[in-house]
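Thanks for coming, everyone. I have one structure to walk through today.

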Amino acid sequence: MSLRGEDGYELWLRYREVDDPARLSRYRKLLGRATVLGQGQTVTIIRSELERALPAMLGRAVSFSEQVSPGNGLVVGTADDLGAAGIDIPREDRLTLGEDGFRIRSAAVDGNTRLLVTGNTAPAVLRGVFHFLRLLQTHQDIDGLDVVSCPRIQHRLLVHWDNIDGSIERGYAGRSLWKWEELPETIDPRYDDYARACASVGLNGVALNNVNAQVKSLTSEYLDKIAALADVFRPYGIRVYLSPVFSAPMQFGDLPTSDPRDPGVVAWWQDKVDEIYQLIPDFGGFQIKANSEGQPGPQDYGANHDDGANMLADALAPHGGMVLWRAFVYDVTVDADRAKCAYKEFVPLDDKFRPNVFVQVKNGPVDFQPREPFHPLFGAMEQTPLALELQVAQEYFGQAIHLVYLAGMWKEVLDAETYSKGPGSTVASTVDGSLYHHDTSCMVAVANTGSDRNWCGHHFSQANWYAYGRLAWDHTLSAEAIADEWIRMTWSNNAEIIGTLKEMMLGSWPACIDYMTPLGLHHLMQEGHHYGPDPGFNNAPRPDWNNTYYHRADKEGLGYNRSSIGSSATGQYHSPLREQFDNPATCPEEYLLWFHHIPWDHRLKSGRTLWEELQHRYDIGVAFVDEMCSTWKSLQRKIDPARHAHVSERLRQQQENAREWRKVCIDYFGRFAGQ
Ligand code: GCW
């Protein structure tokens, strides 16, 4: 095994020589020749990806051509290009594949094996190529292949909370990747590498700027820069989106109001949108944070979310663009329980949105906590397509210092039963459109990328970017299967390494919950930056920005009573979940303190009292991190030294932090528990 220095820049696209001799010889036999059909920018990208990957993985030259020749080999092209070369793709196949899907098939031709990668569009073929390369990277059998893969979610976006000044809100991996000061003249080659990575996991949209937006991003000067990025991303099948400020018409100084019902405002947005489409004909649309955390919105004028969303949607519709209207709102005048606000504001608007509006809902009702029950809006808005918003950035998960693999959490949410139409009404079926028969669907996730050489700060945080893309493509994949692929591509195909890393990754999310916020606790993080514990924090300008608001520790017990004798948040879920959550005896223990104020001496399933269980949870969380440190150490000679050392250092900090979490929380809660 060669342990050359690695810095993580290549992500999961490392293309190391296959070190399984049997596989290698078979791959060499089948893939000595590769034909890439067609023309255009995407085809050039496909060709260069294969030229980079195949000889490297096969450890020998591969002959590339633009014409199909007899013999074994790989043939890549759109269905049309294959047809022109005499290889017919049946009509049914074309219909199944749609715009985005791909097919990979091995076919016997005159005693030889031809491996075909195809799709209806060049970007779909590119995704198929990445899938095929993944099979090689993970040492899969490629004999008798027949893979048909179509995305379950139509719009799969990575959204960046990047500011125009190059800083990133909740960014932990350096500065923004977008170099606004040198665009549009200078195109950083890293933009292509970013787009390759996104395309390789099937993503097809990028929102470039922070939802806490600055009006500058809509100026003609910036639109030119944005158009230059869109030109880079387009051949990868990636569209660009923007987050506008709702008050832009006023901020530009053009108008006295930004009221969405004002004809001047409507016309202003139409002009702005037309200007954008002049420059970016495939512009994706707007993602918008309105009337949330101080951002302007339609409610500033006595209008509502639907008025604002529809006004923008009408401007975008003639061009095929869409609006992602965020439901992250928690106005204290709507409800004193923050977790209830979005539901109360949005459910009454269910039949009011234009067809090109998504209401964008975070996975849980508070804010990307280590564990939340799913957001009750899923299953409560039948007529409106809901976009699921996840956060890859680990804001509340130890940021780029802690190793926390998030796929298990996302799966928990996707697989959660909402019971809105009885059993089987999962969050995933709401989001992918199948439950309510929407023909459009969307997932977004807040990115963790930045200018750090390894993109994500922590080498293992790359796995969350990867996993998000894979799940947006196919939410039925398991967290384990995705970890398996990622480890093989990013670290090694060695069985011991795979087994060890998988155990670390799969255990890391439960452990993080335990050492930070076990049993349904939430929002105990330090104010502002959200790193580290501060359960006693209690002097914020709003009640629901205090940590004591969320845990409500007192002499009697711990937890937020959201049951029917408390805030009644449980009533926002469908039966039988509503009743299950409402009763402390049936409420899943992982959400116990989310929904209930539980006496300290209450006995849990383990037989321990709440106070004992709490201590136990912090202990096992810390113990898992201890374990990760020692298992990682045991791999020292098996992993390249630079990445090994980098991760070791972060694990050391994670261990220190986990202990601090335990100490601070147990000391603090102990004062109430009377110990
Ligand atoms: O998670 C919180 C973050 C804010 C963020 C907000 C949101 C962009 O702490 O930084 O603002 O959510 O999602 O709008």
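Let me start with a question: is Lys272 buried or exposed? Keep in mind that this is a predicted model. Lys272 is buried, because its relative accessible area is 7% and the cut-off for buried is under 20%. Where does Lys272 sit? In helix α9, residues 263–279. Leaving out residues up to four places away in sequence, Lys272 touches Leu218, Leu223 and Phe252.

Now the ligand. There are 14 residues around it, and Glu169, Lys289, Lys362, Asp367 and Glu395 come nearest. What classes make up that shell? We have 8 charged residues, 3 polar and 3 nonpolar.

In Lys289, a side-chain N or O atom is 2.6 Å from a ligand oxygen. For Lys362, a polar side-chain atom lies 2.7 Å from an oxygen atom of the ligand. For Arg170, the corresponding distance to a ligand oxygen is 2.9 Å. How much of the ligand does the protein bury? Taken alone, the ligand exposes 340 Å², and the protein buries 97% of that.

Stay with Arg170 for a moment. You'll find Arg170 in the loop between β7, residues 155–159, and α6, residues 190–200. Is Arg170 buried, exposed or partly exposed? Its relative accessible area is 23%, so Arg170 is partly exposed.

Which residues does Arg170 contact, beyond its neighbours within four places in sequence? The list is Trp161, Gln391, Ala393, Glu395, Gly528, His529 and His530. Look at Gly528 in particular. The Arg170 side chain reaches the backbone oxygen of Gly528 at 2.8 Å. Glu395 is on that contact list too, and Glu395 is also one of the residues that come nearest the ligand.

On to the packing. The largest nonpolar core holds 215 residues. Which members touch the most others? Leu31, Phe132, Phe233, Trp465 and Phe669. Helix α16, residues 495–516, gives the largest share of this core, with 10 residues.

Another core lies apart from the largest one. That other core has 7 residues, among them Leu37, Val75, Leu82 and Ile87.

Last topic: the backbone. Most peptide bonds are trans, and most residues other than glycine have a negative phi. Here are some exceptions.

Which peptide bonds are cis? One of them runs from Leu183 to Pro184, with omega near 0°. Pro184 is in the loop between β7 and α6, and Arg170 lies in the loop between those elements too. Another cis bond runs from Ser575 to Pro576, again with omega near 0°. Pro576 belongs to the loop between β15, residues 557–558, and α18, residues 577–582.

Now phi. Asn291 has a positive phi, near 50°. Asn291 is in the loop between β10, residues 285–288, and α10, residues 305–316. With a relative accessible area of 15%, Asn291 counts as buried.

His523 also has a positive phi, about 55°. Its place is the loop between α16 and α17, residues 547–551 for the latter. And is His523 buried or exposed? Buried, because its relative accessible area is 7%.

That's my tour. Questions, please.

Definitions and conventions: Residues are numbered from 1 along each chain as its sequence is written. This is a predicted model: local features need pLDDT of at least 70, side-chain atom pairs count only at pLDDT 80 or more; totals for chains, interfaces and linings use all residues. Side-chain values use heavy atoms; hydrogens and water are left out. A residue is near a molecule or strand if one of its heavy atoms lies within 4 Å of it. A polar contact is a pair of N or O atoms within 3.5 Å; within protein, one must be able to donate a hydrogen and the other to accept it, and residues adjacent in sequence count only if both atoms are side-chain atoms. Accessible areas come from the Shrake-Rupley method with a 1.4 Å probe; for residues, only the protein chains shown count as cover. Ala, Val, Leu, Ile, Met, Phe, Trp, Tyr, Cys and Pro count as nonpolar, Asp, Glu, Lys and Arg as charged, and the others, Gly among them, as polar. A nonpolar core is a set of buried Ala, Val, Leu, Ile, Met, Phe, Trp, Tyr and Cys residues joined through side-chain atoms within 4.5 Å. Buried means under 20% relative accessible area, exposed over 50%, partly exposed in between (1.4 Å probe, protein chains only). Helices (H or I, at least four residues) and strands (E, at least two) are DSSP runs, numbered from the N terminus. Contact means heavy atoms within 4.5 Å.
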